[in-house]
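Here is a short briefing on one protein model. Look over the sequence and the structure, then read the points by topic.

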Amino acid sequence: VAMIAIVLLLVETVSFWHARNVFDEAAAEGARVAAAFDGSCAAGTATAQESIARRAGGWSSGVDVSCIEAAGIVTVTISGQTPGVLFDAAGFTASVTESTPKER
């Protein structure tokens with residue numbers, strides 16, 4: 001039983017880091033698109049959501065993407081539930097934020 005618990009914990013940890021990496025890549029790409037000279041937060045949010053859907057598949061449905069532009073800095077935040085080991089019964093909330101200056 002202890003070995004099964006250790007394996008499940010290991011798989012849960014790997015799925016958390018994988019989800020966090022997917023969210024981080026999507027947030028960086030969304031911030032880059034939103035910060036472009038002709039970009040907007042709407043375009044950055046759409047890009048981030050598309051990137052997550054492409055990389056995450058079915059477990060990306062509950063992901064929240066937000067974008068804020070203030071004082072020349074674009075900030076994209078992504079948060080969502082990571083896939084659980086036992087049919088999504090478990091899982092953690094992962095959240096990442098990426099910021100970049102707006103092009104002029």
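F16, W17 and F92 form one aromatic cluster. The model is predicted: local features need pLDDT of at least 70, side-chain atom pairs count only at pLDDT 80 or more, and totals for chains, interfaces and linings use all residues. Residues are numbered from 1 along each chain as its sequence is written, and side-chain values use heavy atoms, with hydrogens and water left out.

**Aromatic cluster**

- The structure holds 2 aromatic pairs. Rings of Phe, Tyr and Trp (its six-membered ring) pair if their centres lie within 6.5 Å; planes under 30 degrees apart count as stacked, over 60 as edge-to-face and the rest as tilted.
- The ring centres of F16 and W17 are 5.4 Å apart and the planes stand at 80 degrees, so this pair is edge-to-face.
- F16 and F92 also make an edge-to-face pair, at 6.3 Å centre to centre and 85 degrees between the planes.
- F16 is partly exposed at 21% relative accessible area. W17 is partly exposed at 44%, and F92 is partly exposed at 43%.
- Buried means under 20% relative accessible area, exposed over 50%, and partly exposed in between (1.4 Å probe, protein chains only).

**Overall layout**

- The protein has 2 helices and 3 strands. Along the sequence they follow the pattern α-α-β-β-β.
- Helices (H or I, at least four residues) and strands (E, at least two) are DSSP runs, numbered from the N terminus.
- The C-alpha atoms fill a box of roughly 60 × 20 × 15 Å along the principal axes.
- Of the 104 residues, 34% are buried.

**Sheet**

- The 3 strands form an open sheet in the order β1-β2-β3, with antiparallel pairing. Its edge strands are β1 and β3 (93-101), each pairing on one side only.
- Two strands pair if DSSP finds at least two bridges between them.
- β1 and β2 are joined by 7 bridges. V65 stands opposite I78 in β2.
- β1 and β2 form a hairpin with 2 residues between them, and A71 in the turn has a positive phi of about 55 degrees.
- β2 (residues 73-81) and β3 pair over 9 antiparallel bridges. V76 has E98 in β3 as its bridge partner.

**Helices on the sheet**

- Helix α1 (residues 2-35) lies across β1, β2 and β3, and runs at about 25 degrees to β3.
- α2 packs on the sheet and touches β1 and β2; its direction makes about 150 degrees with that of β1.
- Axes are lines fitted to C-alpha atoms, for helices over the stretch in contact, and angles run from 0 to 180 degrees between N-to-C directions.
- Contact means heavy atoms within 4.5 Å.

**Disulfide**

- A search of the whole structure finds 1 disulfide, defined as a pair of cysteine sulfur atoms within 2.5 Å.
- C41 and C67 form this disulfide, with their sulfur atoms 2.2 Å apart.
- C41 lies in helix α2 (residues 41-56) and C67 in strand β1 (residues 64-70), so the pair ties together parts that are 26 residues apart in sequence.
- The S-S torsion of C41 and C67 is about -60 degrees, so the disulfide is left-handed.
- Both C41 and C67 are buried.
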